[in-house]
Amino acid sequence: MSELLLPVSQQLLSPGGLDLDALPALLGELAGPGIDAADLYFQSQVSESWVLEDGIVKEGSFHLDQGVGVRAQSGEKTGFAYSNAITGEALRQAAQAARSIARAGQRGRVQAFAAAQAMPLYAADNPLEAIDRAEKVELLKRIDAATRVLDPRIKQVTVSLAGVWEHILIAASDGSLCADVRPLVRFNVSVIVEQNGRRERGGQGGGGRTDYRFFLDEDRAMGYAREAVRQALVNLEAAPAPAGTLPVVLGPGWSGVLLHEAVGHGLEGDFNRKGSSAYSGRVGERVASSLCTIVDDGTLAGRRGSLSVDDEGTPTQCTTLIENGVLRGYMQDKLNARLMGVAPTGNGRRESYSHLPMPRMTNTYMLAGQSEPEEIIASVKRGLYCASLGGGQVDITSGKFVFSTSEAYLIEDGRITTPVKGATLIGNGPEVMTRVSMVGNDLALDSGVGTCGKDGQSVPVGVGQPTLKIDAITVGGTGA
Amino acid sequence: MNPAEMVGPQALPELRAKVERILAESERQGATACEVSVSIEQGLSTTVRQGDVETVEFNRDQGFGITLYLGQRKGSASTSATGEAAIRETVAAALAIARHASEDDCAGLPDAVLMAGELPELDLFHPWAISPEQAIERALECEAAAFAADPRIRNADGTSLNSHQGCRVYGNSHGFIGGYASTRHSLSCVMIAEGEGLMQRDYWYDVNRRGEALADSQTIGRRAAERAARRLGARPVPTCEVPVLFSAELATGLFGHFIGAITGGNLYRHASFLEGALGEQLFPEWLSLDERPHIPRALGSAAFDADGLPTRAKHFVEHGRLASYALGTYSGRKLGMPSTANAGGVHNLFVSHGEEDQAALIRRMGRGLLLTELMGQGLNLVTGDYSRGAGGFWVENGEIQYPVQEVTIAGNLRDMFRQIVAVGNDLEHRSNVCTGSVLVERMTLAGS
């Protein structure tokens, strides 16, 4: 990591006539009387996207953004300002605004910088330039053509490719100084199929903190296309989903959206400091069945939710949230860790320099259990099997959460039978997790498509889980 | 902050000059046509919680985006960087993309004769001279009223006062250039009630172009508190088929889904259940839905759309029939139809309504669910299938009985639109869609 400091600081600071040596004085101005902690977050981001639709590469866009976020904290108070311009003058103005929350008090102290040591989890190269423009266009066209011939019922194909390359420099009054260079790429295929006047959609994608060659390896891009088509064709045959409370089996991988909503958000440090979460004050208590061990792990190389260091310069880690059903701890950023008297867990994340950091998830998943997936399905007399989910949402205060199926089937007499239409499932997090009665041995992580929203900020995340069974949850279909 | 530095109409000439510089640079680099949007924004956001300041945020954003054409090929680029080099490089980035894009018969600017001419004055700019200290004071007053409103209000999730102002100028190589300054101020309050060891959270807010026109802060606080407290003791109800009364603030979403389904992008992609439905009777005969883009100070008002075409008042639904799609230039060409000046969205929608207030509609419903909360994104626009997490109040004998949670409501939007029984006069004014509560004859409610 430390070898990134010089090149990243040159890229971010030099154009505005600044360098690393100028930062202690700027932090000193910011962390004046009455300020407990302060930090500077410099960021530049280049991103692009390419979209193929109707058989032609219709749109492409390129975006360049950069700026610096300036934050000062006094007790539970935070002052924040930012600027697109990374110059000494802009920084001083932002610092004046941010420190306006200061109360009278002791002069804040700025620790000497100690560069954070963390394992790099991804390459520093520009992922957008791993293949040239002609190759990107060629890839989209090739996948489109190969998708259209998969089935005569395909009516519409949309293929997209997107990439982001970020440079980040963090300097804080607690002595944190670190740089990170973050790649993020994504490929998506969406299809619409038609049969006898009925239409359905299917979609699949993937990606991670790597470059575009990832999609060429192992025929991944075409794999997404085949999966999108398969899902759409299944849904053409779907009957109405049942309405009512019944046993539900969730397939491995992306179904981990369940954990993200039912457990993850409720264990973010800010909600627990404020006592606004259904999990507040419950560390050490049983909050899930003893089969459940759930972690948040930012250290998985190349994963979409992974970070070498979080957006406050804390190295990421694998945090055990729930162990054998018992609540072990929360996910923390620096502010909430300080106020709760615990250590930060590397979960301080922000959408960009123009947003304040908060405790956020990275890759959240349940560890594998003992059951064979077939055995789990065979144990259900009448229920629902969810092969793939759409999005979810949670009210962390009441604990209520929802997720929607995008591919689901009835289970009848222990066998997967008729496909059913998309439906929303609703439950109460702490209750539903106690009803997890079987956990499979087939842990899988998602393909790298998750985006989490909180307080208007979006960040990339990962989820995962093995096949698991919930004895009873409400399924929102329209059928009997 | 020094008022002289505030973002406002005085910045418009400079932004216009920038648009013209970017258009000239695009032409110099070889683009055959180009459109540019330049904006600056500034704002203050303050949040208080439990009687003390939590955050004070100062926002200041600026940037520009261009879409340019090489014949029928298109490329886009945007940046927050400033200066001549940023203009040159952003134009070059868009051109590099256009060179690799495919020929698209439908791509390109609207016909020059269609561009907006004289622009109506919409009175959207009302800066609010409120200091951070005053903003904090007002938010604290709001939260204090919430705490005082009900002894079961024991915690808070934050009360925020936000004040934003911005300027945007759009221009294209037909010579059209238009711009405006606008403001948006809001006060929102989220409170937590506790009872029998369980917590419930709810909120209330107001938003307005004029800060002085915002609802009284104590009223907002009390409303947030009442809404959180009345949810205590919520429980599921057994699975059933019943009428559902969408409270006005949620009914806006129903019409939002309708607009999504008649939006050109979804229609030409065959991704809407309303493809080909023009002229069809989708709603009851008495229902109409119209767009009024030129209302002074309204939140959705706009003089021109994202393509620079003049916006105009029109019906999307008349006598229950689908009277118009919502099209931009590109989607219109794809469908072989003229643009309806809805590139970028719709501007101030009004749903016709009857004379009953929400209480009267509850009486009319008799037995069913008064819906006050929706969760999740369970909507398939391709088929119209709708399934969402829901919460609200159980109604029996025309009266509210108890709060409901952990249920879902499901149906198909085509059926739901046709089965609208009544729209109330309890109009929601904070949204781009102005509607009262909407009574839907029958939906599947899944519960315990």
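Good morning. Between domain 1 of chain A and domain 2 of chain A, 23 residue pairs are in polar contact, both residues of each pair being at pLDDT 80 or more. Please keep in mind that what we are viewing is a predicted model.

Contact between the two draws on 48 residues from domain 1 of chain A and 42 residues from domain 2 of chain A.

For "domain: Metalloprotease TldD/E central", the unreviewed UniProt entry lists residues 127-236 of chain A. Here the span is 34% helix and 45% strand, with end C-alpha atoms 37 Å apart. Finally, UniProt assigns "domain: Metalloprotease TldD/E C-terminal", again from an unreviewed entry, to residues 244-477 of chain A.

I return now to the contact inside chain A. How much area is buried between domain 1 of chain A and domain 2 of chain A? The value is about 3,400 Å², and carbon and sulfur atoms give 51% of it. Six salt bridges are found across this interface. In one salt bridge Asp174(A) is paired with Lys334(A), and their closest N and O atoms are 2.8 Å apart.

Which elements build the side of domain 1 of chain A that touches domain 2 of chain A? Elements that each supply at least two residues include the strands S1 (37-53), S2 (56-74) and S3 (77-83) of chain A. Strands S5 (154-172), S6 (176-195) and S7 (198-208) of chain A also do so, as does helix H6 (220-236) of chain A. S2(A) gives the most to this side of domain 1 of chain A, namely seven residues. By class, the residues on this side of domain 1 of chain A are 17 nonpolar, 18 polar and 13 charged.

Next comes the interface between the two chains. It involves 71 residues of chain A in contact with 67 residues of chain B. Together, chain A and chain B bury about 5,500 Å² between them, and 50% of that lies on carbon and sulfur atoms.

How many salt bridges are there between chain A and chain B? The count is eight. Arg199(A) and Glu275(B) join their side chains in a salt bridge, with 2.4 Å from N to O. On the side of chain A that touches chain B, S2(A) gives the most, with 11 residues. That side of chain A comprises 24 nonpolar, 28 polar and 19 charged residues. I would draw your attention to S2(A), as this strand gives the most to the side of domain 1 of chain A that touches domain 2 of chain A and also the most to the side of chain A that touches chain B.

Contact here involves 34 residues of domain 1 of chain B and 26 residues of domain 2 of chain B. The two domains of chain B bury about 2,300 Å² between them, with 58% coming from carbon and sulfur atoms. Which three residues supply more than any other three of the area that domain 1 of chain B buries against domain 2 of chain B? They are Cys106(B), Leu122(B) and Arg209(B), which supply 25% of it.

Two salt bridges are found across this interface of chain B. Asp123(B) and Arg297(B) form a salt bridge, their closest N and O atoms being 2.6 Å apart. Polar contacts between domain 1 of chain B and domain 2 of chain B number 13 residue pairs, both residues at pLDDT 80 or more. Strands S4 (153-172), S5 (177-195) and S6 (198-208) of chain B each give two or more residues to the side of domain 1 of chain B that touches domain 2 of chain B. The largest share of this side, six residues, comes from S6(B). By class, this side of domain 1 of chain B has 17 nonpolar, seven polar and 10 charged residues.

Thank you for your attention.

Methods:
Residues are numbered from 1 along each chain as its sequence is written. Chains are lettered from A and ligands numbered from 1 in the order in which they are written. This is a predicted model: local features need pLDDT of at least 70, side-chain atom pairs count only at pLDDT 80 or more; totals for chains, interfaces and linings use all residues. Side-chain values use heavy atoms; hydrogens and water are left out. Contact means heavy atoms within 4.5 Å. Buried area is the accessible area (1.4 Å probe) that two parts lose on being put together, summed over both. A salt bridge is a side-chain nitrogen of Lys or Arg within 4 Å of a carboxyl oxygen of Asp or Glu. A polar contact is a pair of N or O atoms within 3.5 Å; within protein, one must be able to donate a hydrogen and the other to accept it, and residues adjacent in sequence count only if both atoms are side-chain atoms. Helices (H or I, at least four residues) and strands (E, at least two) are DSSP runs, numbered from the N terminus. Ala, Val, Leu, Ile, Met, Phe, Trp, Tyr, Cys and Pro count as nonpolar, Asp, Glu, Lys and Arg as charged, and the others, Gly among them, as polar. UniProt positions are given in the numbering used here, feature names are shortened, and annotations may be inferred rather than shown by experiment.
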